[in-house]
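Have a look at the sequence and the fold, then read on.

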Amino acid sequence: PTLERLTKDPLFKPFEKQLVDKRDKLVSAENSWASGNSAAANSRIDLRCFLYVGGETSDGSSVGSRLEGAVRFGDNASIGNGFSAHGGAVETVLDEATAELCKATQGVMCYTTQADFKLKQPVALHKTYAIEAEITKLGIRGMRIFVDARLKDDQGNEAAVCSVQLANVAKISSRS
């Protein structure tokens, strides 16, 4: 239901992970461990992200901007022998969602500098989970971005949560 809801909702726009190439052009990430077609095809992680485009945030900044998505963990993201998803894979998905939200709203030069993860329950393989990420605060001149994210099962129970701080390198280096 998560993926179907997001694809049908006109306020959510699907997007793929974007990177800057050697010529400073934006390109889709062809090979990524954490997202995109190559990750899904290799039975690791199938993460599909959607940016909320429903209008301005309450204070005119990007605080409140959000991303939602759907994710499935394959056999190659497991602890081993078909058990649940590896905690590192779960944390990677949360980190990926927070970073992609920041890159989509702040600029492509955003990097995670600090993260606090809490794994609340085992995450099953081959089952769809919902991802939600939201910008909660911006630091001085937008150089730091604070984001909270959640991974939820189909009953709405939180399987994992995180609070992440990212740096907007473009804004930091423009001050130098």
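Let's start in strand 9, where Ala160 is the bridge partner of Leu151. Before going on, note that this is a predicted model, in which local features need pLDDT of at least 70 and side-chain atom pairs count only at pLDDT 80 or more, while totals for chains, interfaces and linings use all residues. Residues are numbered from 1 along each chain as its sequence is written, and side-chain values use heavy atoms, with hydrogens and water left out.

Strand 9 covers residues 158-168, and nine of its 11 residues are buried (under 20% relative accessible area, with a 1.4 Å probe and protein chains only; over 50% is exposed, and in between is partly exposed). Strands here are DSSP runs of E with at least two residues, helices are runs of H or I with at least four, and both are numbered from the N terminus. Two strands pair if DSSP finds at least two bridges between them. Here are the pairings of strand 9:

| Partner strand | Sense | Bridges | A bridge pair |
|---|---|---|---|
| Strand 6 (residues 110-119) | antiparallel | nine | Lys118 and Val161 |
| Strand 8 (residues 144-152) | antiparallel | nine | Leu151 and Ala160 |

Strand 8 and strand 9 form a hairpin with five residues between the strands, and Gly156 there takes a positive phi near 85°. Phe146 sits in strand 8; it counts as partly exposed because its relative accessibility is 23%. From Phe146 to Ser28 is 118 residues along the chain, and their C-alpha atoms are 25 Å apart.

How far apart are the end C-alpha atoms of helix 3? They are 28 Å apart, which agrees with the 28 Å that its 20 residues (87-106) should span at 1.5 Å a residue; the expected span is 1.5 Å times one less than the number of residues. Just after helix 3 comes Gly107, with a positive phi of about 125°.

In the loop between strand 5 (66-73) and helix 3 you'll find Ser78. Ser78 is buried, at 14% relative accessible area. A polar atom of its side chain lies 2.8 Å from the backbone oxygen of Asp75, and a polar atom of the Ser78 side chain lies 3.1 Å from the backbone nitrogen of Gly80.

Which strand holds Leu26? Leu26 is in strand 3 (residues 26-28).

Conventions. A polar contact is a pair of N or O atoms within 3.5 Å; within protein, one must be able to donate a hydrogen and the other to accept it, and residues adjacent in sequence count only if both atoms are side-chain atoms.
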